[in-house]
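Me: Hey, can you walk me through this one? I'm new to reading structures.

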Amino acid sequence: MNDDWRPAAPIAVLHRRADTLADIRQFFTARGVREVETPLLSASGVTDRHIDSLREQATGRWLQTSPEYAMKRLLAAGFGDCYQITRAFRGGEQGRWHNPEFSILEWYRTGFDGPALRGEIADLVDGVLGPAPVETRSYAEAFMDQGLPDPLSARDDEVLAAAAHWLPEPLPPELDREGSLDLLLSTCVVPNLPSRCFLTDYPASQAVLARLNPSDPRVAERFELFCSGVEIANGFVELTDATALRARFADDQAAREAQGRPVPAMDERLLAAMEAGLPACAGVAIGLDRLIMLREGAASLEAIMAFPWNRA
C-alpha cells in the first residue's frame, strides 16, 4: 500500500513548527512591525544570475523567489516597517538543504543600518535556536584567515589558482572569478566559521540589491548569517538608487543571455517605486525551513516539512 500520502515530518515536529511561526509573529508584533501579504505570481521574474525562477505556463507569470520586490513597493508607498512569512520558489534547488518550494521570512526596517538589523536578527534566532554568542567576520578577513587570497585585491588568476589548489575535484573550464569565490567560500571558509557568525562586507560584484559602502566602494553593505555552517539569512542595507539598480539588472540579463539561460524582464514596477522614493532601510530574508531544521537537529529539510517535493 502506498503510504506517501502521510506527512514526511512527525506530527510533533509540525506542532512545534506551528508554534515557532506564532512566536515569530509575536516577535514582530512586540516591535511594531506589521505583517503584509504580496502576490506569489508576478508579471516579472528575477534577473539574478544565480537564481532560476519558475514560470506558470497558463498565464506566463513568474512564481516569486522572494517577496522582496513587492515589499519594497509597499515601502516606497509609505507602508513602513513590515514583515512577511510566505512561500517562495526556485528552480534547480533540491537536496538536503533545498526544496524548490520553501518557506521564507523577510522583513524591512526603515532607518536601520547593518549593525541594527544584525542585532534584531540575532534576537530572533536566539528565540528559535536558543541564546548563543554571535561573532562577526568580514568576507575578506574570513578568506585570509584560511590562507586564501584577499578577495578584494587579488588578481583573477590568483583567485582561480587558489580554487584549483584547494578544491578537490577538477574545475569546470567555464569557472570564473565569482564562481571560484563562491566555491572557496562554501568549501574552505564557511566550515571554519564560528558556530554562529555574521559574514559582512561582501565584494561589490556580489552586492545583488545592497548599497555599496560609501567609505569603501569595493564592498557592499551585504551580510549573511551562518549557523553551524548553514546559511540562514541574507541581509542588505538596501540600494535606493533606481538608476544603479537598472544597470545591475542589465548586467545580470547580459550574463544570463551569455549562459543561454532564460532572461526575465526587469521589474519595471519596482524600478518605478524606487524612482518615486524608497526610504533608507535595511532588509533580510531568512530560510525558515533551514532554521527549524537546525532547531530540531534534523538531517534534512524533509524531516521538518509536511509535504516536501517528493510528496507534494
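Me: Which residue in strand 11 does Leu199 stand opposite?
Reply: Leu199 stands opposite Glu224 in strand 11. By the way, this is a predicted model, where local features need pLDDT of at least 70, side-chain atom pairs count only at pLDDT 80 or more, and totals for chains, interfaces and linings use all residues. Residues are numbered from 1 along each chain as its sequence is written, and side-chain values use heavy atoms, leaving out hydrogens and water.

Me: How many bridges join strand 8 to strand 11, and how do the two run?
Reply: Five bridges join strand 8 (residues 196-200) to strand 11 (residues 222-227), and the two run antiparallel. Strands here are DSSP runs of E with at least two residues, and helices are runs of H or I with at least four, both numbered from the N terminus. Two strands pair if DSSP finds at least two bridges between them.

Me: What's the order of the strands in the open sheet?
Reply: The open sheet has eight strands in the order 1-5-6-13-12-11-8-7, with mixed pairing.

Me: And which strands stand at the edges?
Reply: Strand 1 (34-35) and strand 7 (135-138). Each has a single partner strand, so one side of each is left without a neighbour in the sheet.

Me: New topic, helices. At what angle do helix 1 and helix 3 pack?
Reply: Helix 1 (residues 11-30) and helix 3 (residues 114-129) pack at about 150°, with their axes 10 Å apart. Axes are lines fitted to C-alpha atoms, for helices over the stretch in contact, and angles run from 0 to 180 degrees between N-to-C directions. So helix 1 is roughly antiparallel to helix 3 (under 35 degrees is roughly parallel, over 145 roughly antiparallel, 65 to 115 roughly perpendicular, the rest oblique).

Me: Which residues make that contact?
Reply: Helix 1 brings Thr20, Ile24, Phe27 and Phe28, while helix 3 brings Glu120, Asp123, Leu124 and Val128. Contact means heavy atoms within 4.5 Å.

Me: OK, salt bridges. How many does the structure hold?
Reply: There are 24, each a side-chain nitrogen of Lys or Arg within 4 Å of a carboxyl oxygen of Asp or Glu. One of them links Arg31 and Asp123, whose closest N and O atoms are 3.9 Å apart.

Me: Where do Arg31 and Asp123 lie?
Reply: Arg31 is in the loop between helix 1 and strand 1 and Asp123 is in helix 3, so the pair ties together parts that are 92 residues apart in sequence.
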